[in-house]
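Have the sequence and the 3D view ready.

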Amino acid sequence: MSGETDLKTLLESLHPVARDGDYVYALWPHGKPLEGGIEAAVREAEGLTVVLRRDEADSLGLSYDFVATWITLQVHSALEAVGLTAAVSAALTHAGISCNVLAGFHHDHLLVPSADAGRAMDVLRLLGKGLVLRSERPEDRAEILDLTAQAFSISPVTGEPVEGVPIEVGLLRKLFGCPEYLPEFSIVAEMGGEIVGHAISTRGWIGDLELIALGPIGVLPHFQKRGVGSALMRETAARATAAGEPGIALLGSPLYYPRFGYVPATSVGVQPPEAMWGDHFQLLTLPGWPDDVRGTFRYAGPFNEL
């Protein structure tokens, strides 16, 4: 059966599946007959590169550096198809995930760092919906503010329609212009050229310790509960970790955000700006989190004007 060549169809039919276990690249010893469970091999002038399971490489005494998860794109892509590798690579690049591509007769296969496998699967699933995550640009502002108005037209607190312009719109406008604005943490989710979601993070403090405050997060109503908000949450955490930020604070439902690793801030010694917030004020501690943090969280100036 001939493979698919239409890029739109290919992207809508990716169906990524991650294999169990870790895989590695290793240089096969010169002159040694092939043995073991080798999954792929590439011969170059400098030698033979093999891809195999990590435990197999260990048993054969092979050295390696890159430890990967093997993801197969189940769509049957034609070898002459144009654009699929570029689209997948671009989406993973936007997410800061490295990727090595192996093309088989029936499918394309990706080897991504094992630590990034979960995020890579999220990116690929969203790519199948045409979703791309990127940094906000100044020319996006009007579209983001309109999106925010729609996203918060129903109050997340009362569940009732909001009269007039939601307060989140004014807050976001002020956050864009305040000294605590962090452009690298203002992230949009784009589908088919349309911005369907946005998350902003600004500078916050606990005493002298700098960390970031996430929110507001807005998703167009007809794209809610489709993974867009989750993707923005994970992208924010990934960027914060890469930047060496110690943690992320937010105010939100204690029933929803723990799935992303958030805990009540008081459980790690941090008090909310308002005591009445209780467990709704939450923290995600990142690898750089100091053990001796104590104090009350301080938001960027515009939050104090609400």
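## The largest cavity

Ala91, His94, Ala95, Val123, Leu126, Leu131, Val132, Leu133 and Glu235 line the largest cavity. The elements giving two or more residues to that lining are α3 (84-94), α4 (117-128) and β8 (131-135), and β8 gives the most, with three residues. Helices here are DSSP runs of H or I with at least four residues, strands are runs of E with at least two, and both are numbered from the N terminus.

What is a cavity, then? On a 1 Å grid over the protein atoms alone, a cavity is a set of points where a 1.4 Å probe fits but cannot get out, and a lining residue has an atom within 4 Å of a point. The space in the largest one comes to about 80 Å³, where a volume is the space filled by probe spheres set on the points, with grid points joined across faces, edges and corners. Sorted by class, its lining has seven nonpolar, one polar and one charged residues. For that sorting, Ala, Val, Leu, Ile, Met, Phe, Trp, Tyr, Cys and Pro count as nonpolar, Asp, Glu, Lys and Arg as charged, and the others, Gly among them, as polar.

## About the model

This is a predicted model: local features need pLDDT of at least 70, side-chain atom pairs count only at pLDDT 80 or more, and totals for chains, interfaces and linings use all residues. Residues are numbered from 1 along each chain as its sequence is written, and side-chain values use heavy atoms, leaving out hydrogens and water.

The structure holds three cavities of 30 Å³ or more.

## Two backbone details

Now for the backbone. Gly215 and Pro216 are joined by a cis peptide bond, with omega about 5°. Pro216 sits in strand β11 (residues 209-219).

His15 is in the loop between α1 (7-12) and β1 (16-18). Its phi is near 45°, a positive value in a residue other than glycine. Is His15 buried or exposed? His15 is exposed, with a relative accessible area of 54%; buried means under 20%, exposed over 50%, and partly exposed in between, using a 1.4 Å probe and protein chains only.

How values were computed:
1 Å grid on protein atoms, 1.4 Å probe; cavity = no way out; pocket = protein on both sides within 12 Å on 5 of 7 lines; lining within 4 Å.
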